[in-house]
Amino acid sequence: TMEWFLSPSQVAKQVSALDHLMIVIACAIHDVGHPGRNNLFQSKTLSDLAVIYNDKSILENMHVSKAFELMKKDPDLDWVSLLPTAFVAADQEQAVPVDLRQYMRRILIDVVLATDMVKHNQ
């Protein structure tokens, strides 16, 4: 599992607690709403998803989009809105505030899109 890959001390030193959490969440959402057919099938059949996502990482885009839609639709699932938009770590008071909602969203999108098998050789 991804948790096992993140556990060695060399990796743990390089990954913040927030990034670790985002990777675990990305693992949980990376197949949300999977229709049971791969990207090639979606593209070749000109499925609705292929048209929506212009044949680019069709299912991966759908998975992450659907996950965010579900979170926005149900207030009980919308943990994203709980994140601060101007976060400064306690030990870095002089640092520029970071929008954790946008940071988290970017990580989740990037990690889920990276699960597209076509991109594994790039």
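Guide: The discussion below moves from the overall fold to single residues.

Guide: This is a predicted model, in which local features need pLDDT of at least 70, side-chain atom pairs count only at pLDDT 80 or more, and totals for chains, interfaces and linings use all residues. Residues are numbered from 1 along each chain as its sequence is written, and side-chain values use heavy atoms, with hydrogens and water left out.

Visitor: How many helices and strands are there in the chain?

Guide: Helices (H or I, at least four residues) and strands (E, at least two) are DSSP runs, numbered from the N terminus. The chain has 7 helices and 0 strands, and its pattern along the sequence reads α-α-α-α-α-α-α. Along the principal axes, the C-alpha atoms fill a box of roughly 55 × 35 × 25 Å.

Visitor: What percentage of the residues in the chain is buried?

Guide: Buried means under 20% relative accessible area, exposed over 50%, and partly exposed in between (1.4 Å probe, protein chains only). Of the 122 residues in the chain, 27% are buried.

Visitor: What share of the contacts joins residues 24 or more positions apart?

Guide: A contact means heavy atoms within 4.5 Å. Among contacts in the chain with a separation of 6 or more, 48% are between residues 24 or more positions apart.

Visitor: At what angle do H6 and H7 pack?

Guide: Axes are lines fitted to C-alpha atoms, for helices over the stretch in contact, and angles run from 0 to 180 degrees between N-to-C directions. Helix H6 (residues 58-73) packs with H7 at an angle of about 150°, and their axes are 8 Å apart. On the H6 side the contact is made by Glu-60, Asn-61, His-63, Val-64 and Phe-68, and on the H7 side by Met-104, Arg-105, Leu-108, Ile-109, Val-112 and Leu-113. These residues of the contact of H6 with H7 comprise 7 nonpolar, 2 polar and 2 charged. In this scheme Ala, Val, Leu, Ile, Met, Phe, Trp, Tyr, Cys and Pro count as nonpolar, Asp, Glu, Lys and Arg as charged, and the others, Gly among them, as polar.

Visitor: Which residue forms a salt bridge with Arg-106?

Guide: Side chains of opposite charge can pair when their charged atoms come close. A salt bridge is a side-chain nitrogen of Lys or Arg within 4 Å of a carboxyl oxygen of Asp or Glu. By this rule the count is 1 salt bridge. Arg-106 pairs with Asp-110, and the closest N and O atoms are 3.8 Å apart. Both residues lie in helix H7, 4 residues apart, about one turn of the helix. Arg-106 is partly exposed because its relative accessibility is 43%, and Asp-110 is also partly exposed, at 40%.

Visitor: Is Asp-116 buried or exposed?

Guide: Asp-116 is buried yet has no salt bridge; Lys-119, the nearest side chain of opposite charge, is 5.0 Å away. Asp-116 lies in the segment after helix H7 (100-113). Leaving out residues up to four places away in sequence, Asp-116 touches Asn-39, Ser-57 and Glu-60.

Visitor: What is the phi of Ser-57?

Guide: Most residues other than glycine have a negative phi, and most peptide bonds are trans. Ser-57 has a positive phi, near 45°, and is not a glycine. Asp-55 likewise is not a glycine and has a positive phi of about 60°.

Visitor: Where does Tyr-53 lie, and which residues does it contact?

Guide: Tyr-53 is in the loop between helix H5 (48-52) and H6. Apart from its neighbours within four places in sequence, Tyr-53 contacts Ile-58, Asn-61, Met-62 and Ser-65. Tyr-53 and Val-11 are 42 residues apart in sequence and, C-alpha to C-alpha, 33 Å apart in space.

Visitor: Why is Gln-42 classed as buried?

Guide: Gln-42 is classed as buried because its relative accessible area is 5%. Gln-42 belongs to helix H4 (residues 39-44). Its contacts, leaving aside neighbours within four places in sequence, are Pro-35, Arg-37, Ser-47, Leu-49, Ala-50, Ile-58 and Leu-59.

Note on methods
Lys, Arg positive; Asp, Glu negative; His and termini not counted.
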